[in-house]
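New to this one and wondering where the descriptions come from? Let's take the terms one by one and see what backs them up.

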Amino acid sequence: MEQLANIFHLGLKELRSLQRDPALLLLIIWAFTLGIITAATSMPESLHNASIAVVDEDRSPLSARLIDAFQSPFFRTPQRIELSEMDHGMDSGQYTFTLNIPPDFQRDVLAGHSPAIQLNVDATQVSMAFTGAGYIQMIGAEEVSAFLRHYRADLPQQAALAVRVAFNPNLTRSWFGSVMEVINQITMLSIILTGAALIREREHGTIEHLLVMPVTPPEIMLAKVWSMGLVVLLATALSLLLVVQGWLQVPIAGSLPLFLCGALLHLFATTSMGIFFGTIARSMPQLGLLIILVLIPLQILSGGTTPRESMPELVQQIMLVAPTTHFVDLAQAILYRGAGFSTVWPQFLAIITIGALFFAGALLRFRKTLAQIS
Amino acid sequence: MSAPAAPVAQLQDVSLQYGKTCALKAVSLEIPAQCMVGLIGPDGVGKSSLLALIAGARKIHSGQIEVLGGDMVSRAHRRQVCPHIAYMPQGLGKNLYPTLSVIENLDFFARLFGQGEAERKTRIAELLRSTGLSEFGERPAGKLSGGMKQKLGLCCALIHDPDLLILDEPTTGVDPLSRNQFWELIERIRRQRPQMSVLVATAYMEEAERFDHLLAIDDGAVLATGSPAELLQRTQCTSLEEAFIALMPEAKRQDHKQLVIPPRPAGEQEIAIEARDLSMRFGDFVAVDHVGFRIERGEIFGFLGSNGCGKTTTMKMLTGLLPASEGQALLFGQVVNARDMATRKRVGYMSQSFSLYAELSVRQNLVLHAQLFHVPATEIAGRVTAMAERFSLGSVMEQLPERLPLGIRQRLSLAVAVIHKPEILILDEPTSGVDPIARDVFWQMMLDLSRNDGVTIFISTHFMNEALRCDRISLMHAGKVLDSDTPKALMAKRGLPTLEATFIAYLQDAVGEKAQQPAPEAAAPAAQTNTLKRKRFSLLRLFSYTRREALELRRDPIRGSMALLGSLLLLFIIGYGISLDVENLTYAVLDRDQTTTSQAYALNLAGSRYFIEQAPLRDYDELDRRMRSGEISLAVEIPANFGRDLKRGGVPQIGMWLDGAMPMRAETIKGYVMGLHAGYLQELARKDSASTRSSLPTLEVRYRYNPDVESLNAMVPAVIPLLLMLIPAMLTALGVVREKELGSIINLYVTPVTRLEFLLGKQLPYIALGMLNFVLLVIAAVWVFDVPLKGSLLALLTGGLLYISCATAMGLLMSTFTRSQIAAVFGTAIVTLIPAIQFSGLIYPVASLEGFGALVGQIYPTSHFLIISRGVFSKALGFTELYSYFMALLITIPVLLALCTSLLKKQEA
């Protein structure tokens, strides 16, 4: 009972400190509102506004028809350029794709030859290279077939392709981006808040003061976990309701409470991580660096930025240690695919286990590090 | 006293307001030149504010202050006189850098004032010798005892021969021997430089007796001025301490009565605190050497000793904060156990440095501590009120401790230590910096506790009149107890009239022949630095900060190596990890045709390296279920009669379902299947040789710069800019805010260094570290990842230099913008992580971004450097082709620095 009281009072203290830091509050509000809107609305469809240039050496109705087929929003209006301009344009990154239509293209097509169009792709833009090439190939085939239909009867065999997308029919990026951004902010904020709060107590000598009082390290840690967890959970819930569902109009397929339960467990894991880092780092500069070194892979490799299954096996295995990997997984399942607890329980379990390990690790290090500071 | 010169400082109607509190009320006074002027008065009456205003560290709100013949409101005048003023702020070593050694701290200040190497060396040696710090030249300032820190602070203030020396309670927490040395040192300096004026605030009245001129202040207004003799005469008192009390207004005096020490009740008492051969070693250094004592219940036991003799360490062992290396500490007859909660409740502890929550108000601090000690909820309000009354905290209950003067903070710490009515009180210099009236009130309370409630009090102090009030005292030096007895007995043993003389005699015996000779009165080297001081921009000052920052970085090798190794590790993980060629996609086929034609179509997919086939689907329900669980990300439906329709020239429709939960992946899958489908049609046309005349054009796709479209070759040159934004920015992010939080920012306020010098000086070492990091990353990219470096290395390095300058400036910007380190870390993470990862072209080209992100992407440094990096690595480009991106970076640097400079203040608001 007394322990619970301690945890409660110390947690209140954390909340009060937070309240005294207007710059920090402002940053938190930014992170959960405009930060999310910005990230969600800026993300392009993977083939969006792609810059394309065409070297048209044929100048026939067919080539004109082909060029007109590249349209917004997938492509910017194609630039007609000379062959000599092509290399420079690609070098400087001006064009991601250049299409070279050879002389006598239309004639050869009508004659039943199979003339070759050359497509140059800037492969440093990996995200667009494949998709764009696929689109261009498809568009080319369609346009030529349609053109031929006017002139010839003996068309080759045709099969149509109808692509339907489940869960997000228009592949609206903001649906995905907004929620992934919320997850990024949850992780970032909870790790920083708890880790830095611990280091601050050490640097100001207040932790020493706590330890002569009838307060134990687990109580000090749990106080930080609940208070900072609460702040972030509240921010998350509000952000999902007001920003993601309200402002960005993202439909949420599954159960929000179930997701918040997941977020709660995730917060336990990340706040424990924060404290663990707080016991490893000896000063705030060290902590800041440690946190950024951890946040980078957490943000990039948890599956929220690029799909997990295409990462190398080793990286996939390493990232299983990160709670975010499981959280991203369960968030996608619950929020988009409407999965229930029966589907996502393995992720819940994984997050709890990771959180418990970090909490235990932090506890173990807590006393050791305190001996160093005095 | 010398012939009256023009006053060194003149104040006219100076007022200062903090929020609702009024620190100074229309103060007008003159500070005579070329003498020692003492500022005395109770705690919290505006002494420190007054000194800070005169030193130019704080912004003048209203009124006029003239110092050294000019108006301190004028920035030009401040810049001109700043090198002639030295200001030592209140608090133990607040303006020092804890990780730098004693000599390095001094060297830093000497450089700030533009001294040459020879001059610096002689001055530092001279100052160290005269303060007895010579032996400790290499010790980090953070590891010095309180008194030594104060001495070092003084040395730092004196390094540049100021004309006006402003000392804010310089001897608070300093032992008597050092205090003597301290004032002798100042005397000596004054003899050498008679033109120097000294302005001191002090809580020690014995010290004030030495001064030429005193200003008694109360409640933000001047009560009396005059020489000590004049004040004594006016008040008809024999000692200044009494005179001080007499000068106070009636209201403050009334609760003061002469302290009477009742005798302790006779008879054996149980032993409350006991130390048996207690020792503490830190490495080779023996901090406490077999200390033993037994303190009876209800006794007031005083602990006296020079600074750094192990008093604090002994106390920490008694509280269980430090485990003893040897020996035992016992409380109530039980060995101290850090896990024993019951004992902790019976002990109250007050540490030497303020260690309460600066971000909680006074009331909140009191309530929190009462709660943590499990004072019953119903009693808490009453206790808090009682404490507020007892320690005269009533008027500041809602304020934050960081805004309060030292004396009041000490009272708060004491109130916190006794709020739970402990049976043992362990107090480490509780009255340092507390004014005489408050000290007496406090002692009255301790006597009550001891005599009436039987509370055992273990107290360390530097005040001899307090030591006299103790039942017994221990004299400690260099980790050993020299002697323990009642104060009277000790004086009798030595046959000396005062305790101070007795104590010093003991110490001198212990120090033995090592006793420091007063430094020879070598003439201080003449200041030749005037030419340098006036410069508006000085590289010397800039490098002084650079050196300091670099030293700090070197003292913390973990940080530097973490940055280097961490970035290499991340280059590997992310370089391999962000694979944008989406692969290993799981799919399943719902084949309603089951002919060879339909199987051929499915085979077309299975042959692709991107897809992995799963067990076939039977119906829509299964499709839905398996897709929802994430098992498959693509489902292909081949309609019934597909083969037949195809042959007859109909256009059968293949259906594909994609998992759209992750749009980017879905887009890519869509691109793949469209390409595959087109390929299938072409293949079909080729085979369909019956009507061989027809055929579609072929599309020859050439992937340039990275023919195999290997993610690695594209990603590594892009990950390097990412890492070089995040890591250098985080390294500098704490540079300024840390100084703000820990107090050393005061050096910016009171030394001639300009804001730009300060910022650039801090930035340089991190640019150097960043470049080293960059070179390592490039080496790793070329030799480990085999990413070809096709373009100009010089262009890449130049771009890197500009870019790292931008990144470090971003960190500094967050650092000047925020007030707390936490906010700086968080803010830096926000302004770097998302823009660098999402808006700079790492994954999506900047051109295709939309909205605010597109705007950020266009101006964010990472976008520019990403193009430079990819251009040089993959496209064999150089300066000419990438010219505009270099320019963009070049323009960003001054913009960021100008923003930093404008956010940074040269004075405290």
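Predicted model: local features only at pLDDT ≥ 70, side-chain atom pairs only at ≥ 80, totals over all residues.

**How we know what we say**

Q: How many of the residues in chain A are buried, as a percentage?
A: Buried residues come to 57% of the 374 in chain A. To be called buried, a residue needs 20 or more other C-beta atoms within 10 Å of its own.

Q: What share of the contacts in chain A with a separation of 6 or more is between residues 24 or more positions apart?
A: That share is 82%. A pair counts as a contact if the C-beta atoms lie within 7 Å. As for its elements, chain A has 15 helices and 5 strands.

Q: Why do we say that strands S1 and S2 of chain B pair?
A: Pairing takes at least two bridges. Strand S1 (residues 9–18) of chain B has 7 bridges to S2(B), so the two count as paired. They run antiparallel, and one bridge links Ala9(B) with Ile31(B).

Q: What makes S2 and S5 of chain B edge strands?
A: The open sheet has the order S2-S1-S4-S5 in chain B, with antiparallel pairing. Strand S2 (21–31) and strand S5 (70–71) of chain B each pair on one side only.

Conventions: Residues numbered from 1 in each chain as written. Chains lettered and ligands numbered in written order. Helix = DSSP H or I, 4+ residues; strand = E, 2+ residues; numbered from the N terminus. Buried ≥ 20, exposed ≤ 12 C-beta atoms within 10 Å, placed from the backbone. Contact = placed C-beta atoms within 7 Å.
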